[in-house]
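This report goes through one protein model, from its overall make-up to the packing of individual residues. Please keep the sequence and the structure in view while reading.

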Amino acid sequence: MQGQVSRRLIGLGTALTLCITFAGCQKAKPIPSAADIAASQADAQKEIAHAHVEAKKDVKNAAKLAGGDSKDVALARVTGSFDIAMANADGAHKVAIERCLTLPPAEQPPCKERADADFQTAAANAKAERVAQLQKAS
């Protein structure tokens, strides 16, 4: 009998500890400030600039290896354009989500859904443009 009581108390203590531990993890996240949004925009611009640099480098390397009018150069241009478009879409999405987090909690889900839909549209447009450019290059 005394063993059962001890085990129950230990189990209750463990459950209470777990409850307190997990309750502490559920703290509200801080609301992003204008500086946080500006930082997201700066990060997005860096990613876009990096995509431009990589695209130029890839086109230059393809031209050096295969000649200026080769299919490899055309493919590198198409791929670079796609990467830049995706960097733009990703950056815009991150900034939009950051802005959504500044809204009242009830308005955040529809805002995030719009941001996700806009990203999906931009990604689909980039993919369609890539397919069209690849068909032209063939």
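## Basis of the model

This is a predicted model, in which local features need pLDDT of at least 70 and side-chain atom pairs count only at pLDDT 80 or more, while totals for chains, interfaces and linings use all residues. Residues are numbered from 1 along each chain as its sequence is written, and side-chain values use heavy atoms, with hydrogens and water left out.

## Overall fold

The protein chain has 4 helices and 0 strands, and from the N terminus on its elements run α-α-α-α; helices (H or I, at least four residues) and strands (E, at least two) are DSSP runs, numbered from the N terminus. Of the 138 residues of the chain, 21% count as buried, where buried means under 20% relative accessible area, exposed over 50% and partly exposed in between, with a 1.4 Å probe and protein chains only.

Among contacts (heavy atoms within 4.5 Å) between residues at least 6 apart in sequence, 66% join residues at least 24 apart.

## The largest nonpolar core

A nonpolar core is a set of buried Ala, Val, Leu, Ile, Met, Phe, Trp, Tyr and Cys residues joined through side-chain atoms within 4.5 Å. The largest one here has 5 residues, namely Ile48, Ala51, Ala55, Ile84 and Ala87. Helix H2 (34-66) and helix H3 (71-100) are the elements that give two or more residues to this core, and H2 gives the most, with 3 residues. Leaving aside neighbours within four places in sequence, Ile48 is in contact with Ala87 and Asn88.

## A buried serine

Ser40 lies in helix H2 and counts as buried because its relative accessibility is 15%. Beyond its neighbours within four places in sequence, Ser40 is in contact with Val95 and Glu98.

Helix H4 (residues 108-137) has 30 residues, which at 1.5 Å a residue should span 44 Å, and its end C-alpha atoms are 43 Å apart, which agrees; the expected span is 1.5 Å times one less than the number of residues. The buried residues of H4 are Gln108, Cys111, Ala115, Ala123 and Ala126, and the buried residues of H4 pack against H3.

The axes of H3 and H4 come within 9 Å and cross at roughly 175°; axes are lines fitted to C-alpha atoms, for helices over the stretch in contact, and angles run from 0 to 180 degrees between N-to-C directions. H3 and H4 are therefore roughly antiparallel to each other, a term for angles over 145 degrees. By class, the contact of H3 with H4 has 18 nonpolar, 3 polar and 6 charged residues, where Ala, Val, Leu, Ile, Met, Phe, Trp, Tyr, Cys and Pro count as nonpolar, Asp, Glu, Lys and Arg as charged, and the others, Gly among them, as polar.

How values were computed: Angles under 35 degrees count as roughly parallel, over 145 as roughly antiparallel, 65 to 115 as roughly perpendicular and the rest as oblique.
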